[in-house]
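This short report goes through a few local features of one protein model. Look over the sequence and the structure before reading on.

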Amino acid sequence: MLRSHRPALTAGCAIAIAALSLTAIPAAAAPGPTAETTAGVPAEVPAEMLDSMRRDLGLTADEARARITNEYRAGTATPALRQSLGTAFGGAWVTGKTAELTVATTDQGRHGVITAAGAKAVTVSHSLDDLTAAKDALDRTAERRAGAAASVWYVDVKTNSVVVQSTDPARASDFVAASGVSPGVVRIVESDEQPQPLDDVRGGEAYYINGTARCSIGFSVTKGSQGGFVTAGHCGEAGATTTGVNRTAQGTFQASRFPGNDYAWVSVNSDWKPTPAVLGPGGAIVTVAGSQQAPVGSSVCRSGSTTGWHCGTIEQLDTSVRYAEGLVSGLSRTTVCAEPGDSGGSYISGSQAQGVTSGGSGDCTAGGTTYFQPVNPILTAYGLALTTG
């Protein structure tokens, strides 16, 4: 499990970007240190963040600026398109170095609605509602059946299917059959991946739980006048006490859920001030502007107390993972690496908070796959307000 944080800092990279049209911005149109400053939303991109995206995503600085801007615009446009398309909505994702938005629909006659919004339209067989219902049926079956017929399953909007990963495809087929889900909706993929919560009880720059285990702070929040932060649920149970990086008294876990979900919130004492600041690459401080969900394919960066700052892309939303401790649903799957001690740390896309690190496989030497708990469900579950700049 990934645990870390400095007082009043949140892990992740942040940039505020204006939501305008969906037309891709060519790299040459993004000179200087800002991605955009329209609509009253300044968008300074720290040089360290651009360096991380160049290292991890193979982008130039101008390509990274253009991509961040277009990802933000895609995230703004997608909810409206989903509402307009209704039950014909098949999902959305971005692709390419400049993050072109694609929107799927089961009704070819609705392509005009999609293209009018500046997105590419594709026709698919299954609506997102149908895919989600299929994955939910798999979740219910997993809760009833013991054993690990499958380690990970998720809605994959790009292939218009529910993907089930397993080391034993035959057992995975039995698992799917037991759920009642139509085989035509599911793709079974043989995979050795066995995600684990990334736990670490060793010392390091972080926050500590009950004086022993270490995790990473996610994002600063408030509940009324009480300040605190969100983190992973597997980091501690309600009532557990925390100390900060300087080992002074910090706070108390107010609520926690794991498995099922993987989220928690910690209230802090008056010595710790929640701020919209994020500890970015090389110690740079960046600012969180909101928590708009980024589409599949978007770049995302993670900060944690063990491995620091790394970037990748969001592969899928709504992923179910079977940890040894139990099933966790509703996670987002990414190509970002992480290691023990990074649990609870921030995932952020542009200026928008995405979630807190849950678990994964691999490491930051050889690479790996990680999963984050989206932040908006945490805010809703506990009535919290994200601290923004």
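Leaving aside its neighbours within four places in sequence, which residues is Ala385 in contact with?

## Ala385 and its contacts

The model is a predicted one. Beyond its neighbours within four places in sequence, Ala385 touches Ser220, Val221 and Thr222. Between Ala385 and Val221 lie 5.4 Å in space, C-alpha to C-alpha, although the two are 164 residues apart in sequence.

Ala385 belongs to strand β24, which covers residues 385–386. The relative accessible area of Ala385 is 37%. Because buried means under 20% and exposed means over 50%, Ala385 counts as partly exposed.

## A sheet of three strands

Three strands make up an open sheet, with the order β2-β3-β4 and mixed pairing. At the edges are β2 (89–95) and β4 (120–123), each of which pairs on one side only. From one strand to the next, the twist averages 25°.

Strand β3 runs through residues 100–105 and pairs with β4 in the parallel sense, over four bridges. Within this part of the model, Ala104 stands opposite Val122 in β4.

## Helix α4

Helix α4 takes in residues 128–144, 17 residues in total. From its first C-alpha to its last, helix α4 reaches 25 Å, close to the expected 24 Å.

Which residues of α4 are buried? They are Leu128, Leu131, Ala134, Lys135, Ala137, Leu138, Asp139, Thr141 and Ala142. An α-helix has 3.6 residues a turn, so residues three or four places apart point the same way.

Notes. Residues are numbered from 1 along each chain as its sequence is written. This is a predicted model: local features need pLDDT of at least 70, side-chain atom pairs count only at pLDDT 80 or more; totals for chains, interfaces and linings use all residues. Side-chain values use heavy atoms; hydrogens and water are left out. Helices (H or I, at least four residues) and strands (E, at least two) are DSSP runs, numbered from the N terminus. The expected span of a helix is 1.5 Å times one less than its number of residues. Buried means under 20% relative accessible area, exposed over 50%, partly exposed in between (1.4 Å probe, protein chains only). Two strands pair if DSSP finds at least two bridges between them. Axes are lines fitted to C-alpha atoms, for helices over the stretch in contact, and angles run from 0 to 180 degrees between N-to-C directions. Contact means heavy atoms within 4.5 Å.
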